[in-house]
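Please open the model in your viewer and keep the selection panel at hand.

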Amino acid sequence: MGEIFVVVEHRDGELREITQQMLWKANELCQSLSNTLTAVIIGGKDEPFIQELTERADRVIVVEDERLKDFNGDYYKEILYRLIQERHPLLTMIGHTPWGMDFGPPLSIKTGFPIATDCVDILVEDGRLKAVRQIYTGKLFSKVSFKESDGYLITVRSGAFPPDKAGEHKGEVIKQEMPADLPEVGKEFIAFEEAAAGEVDITQADLLVSIGRGIGEEDNVAIAKELADMMGGVLSCSRPVVDKNWLPKYHQVGTSGKSVKPKVYLALGISGAFQHVAGISGAGTIIAVNKDKKAPIFRVADYGVVDDLFKIVDALKERLAA
Ligand SMILES: Cc1cc2nc3c(=O)[nH]c(=O)nc-3n(C[C@H](O)[C@H](O)[C@H](O)COP(=O)(O)OP(=O)(O)OC[C@H]3O[C@@H](n4cnc5c(N)ncnc54)[C@H](O)[C@@H]3O)c2cc1C
């Protein structure tokens, strides 16, 4: 029976949510491929989340050493290479995070296994693995096939899968020492610095005026910002607006952005993809403006306006200025 590895991501004794998301998908893949699920922890002594992982995997391999307490991509690459040589997993799932982006590609070179990066889904078709990636800034999904190999590596985009528990597991814990003969590593962990909070905190706002791709072009962002200011609200957005660099990432609502809980959420030109809507489940009143009456945002909106957003924004500004 084959094995699927999920490389556990953690910091300061806490699991990062990408780990639970990968475990959810790995569980599904294990069922269709009749594989077993192995969570691989590379960390310090007695990390506190080992028990939690036994409930989500068939096996938890723990390589522990105080030198592994903080992330070092070189150690990850070397240790994973050895584990892969030893256990021959069909698939190794890695978060598409700064960690995974650091050690994933070198691990692919070292093992000779093909890698698909930044994947939003993983499929099994005719018994073979395929990965789904987004292209053209998320407008199209592409299905990626792998060349025939003994093993495959996939880095998974954060938010692609739910973090929910799946399947019944009573994982066996296998503890291993850090191999004594690892080659000298070139990288050194110095410190972890939390990213700056950003100029606005959309999670604390009572009123959010949120713009999507329907805003059309960068120059139009100012029109929505003006409305938000006039209403005493804060500007937020969907992911394409961030991908196009029209607003900084800390404005983004959704699974790979922030979850928000305003009293009022005014969505302008947002279609209502589940990754966006998941971020507004805590909102009070949702008002959506979209020129497409079939847009999924209307399924979650308390009030909907089927019209051109610029017409509505102008009308609101006129009323507020009066
Ligand atoms: C792993 C993963 C994570 C993701 N995380 C997030 C996330 O955190 N947040 C997020 O938002 N998305 C996220 N996405 C992307 C998500 O799937 C959608 O692609 C995205 O939410 C669509 O953004 P949008 O609604 O602005 O754009 P579109 O889907 O292109 O919708 C634009 C809408 O604007 C309307 N429109 C156009 N012009 C006008 C006009 N003049 N007046 C009125 N309406 C108009 C259109 O009818 C359309 O409904 C993620 C995707 C993946 C795969």
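This is a predicted model: local features need pLDDT of at least 70, side-chain atom pairs count only at pLDDT 80 or more; totals for chains, interfaces and linings use all residues.

**The ligand site**

Select the ligand together with its surroundings: 31 residues surround the ligand, and the closest are Arg213, Ser238, Gln252, Ser256 and Ser271. Next, display the side chain of Arg213, where an N or O atom lies 2.7 Å from an oxygen atom of the ligand. Finally, turn to Lys291, whose backbone places a polar atom 3.1 Å from a nitrogen atom of the ligand.

**Helices α3 and α4**

Select residues 73-87 for helix α3 and residues 98-111 for helix α4; their axes come within 9 Å and cross at roughly 45 degrees. The two helices are therefore oblique to each other, and α3 passes α4 in a right-handed crossing. To see the contact from the side of α3, highlight Gly73, Tyr76, Lys77, Glu78, Leu80, Tyr81 and Ile84, which meet Trp99, Asp102, Phe103, Pro106, Leu107, Lys110 and Thr111 in α4. Coloured by class, the residues of this contact divide into eight nonpolar, two polar and four charged.

**Helices α5 and α9**

Move to residues 221-231, helix α5, and residues 309-321, helix α9, which pack at an angle of about 35 degrees with their axes 10 Å apart. Which hand does the crossing of α5 and α9 have? The crossing of this pair is left-handed. Highlight Ile223, Glu226, Leu227, Met230 and Met231 in α5, then Phe310, Val313, Leu316, Lys317, Leu320 and Ala321 in α9, as these two groups meet. The residues of the contact of α5 with α9 comprise nine nonpolar, no polar and two charged.

Notes. Residues are numbered from 1 along each chain as its sequence is written. Side-chain values use heavy atoms; hydrogens and water are left out. Axes are lines fitted to C-alpha atoms, for helices over the stretch in contact, and angles run from 0 to 180 degrees between N-to-C directions. Helices (H or I, at least four residues) and strands (E, at least two) are DSSP runs, numbered from the N terminus. Angles under 35 degrees count as roughly parallel, over 145 as roughly antiparallel, 65 to 115 as roughly perpendicular and the rest as oblique. A crossing is left-handed if the near helix is turned anticlockwise from the far one by less than a right angle, and right-handed if clockwise. Contact means heavy atoms within 4.5 Å. Ala, Val, Leu, Ile, Met, Phe, Trp, Tyr, Cys and Pro count as nonpolar, Asp, Glu, Lys and Arg as charged, and the others, Gly among them, as polar. A residue is near a molecule or strand if one of its heavy atoms lies within 4 Å of it. A polar contact is a pair of N or O atoms within 3.5 Å; within protein, one must be able to donate a hydrogen and the other to accept it, and residues adjacent in sequence count only if both atoms are side-chain atoms.
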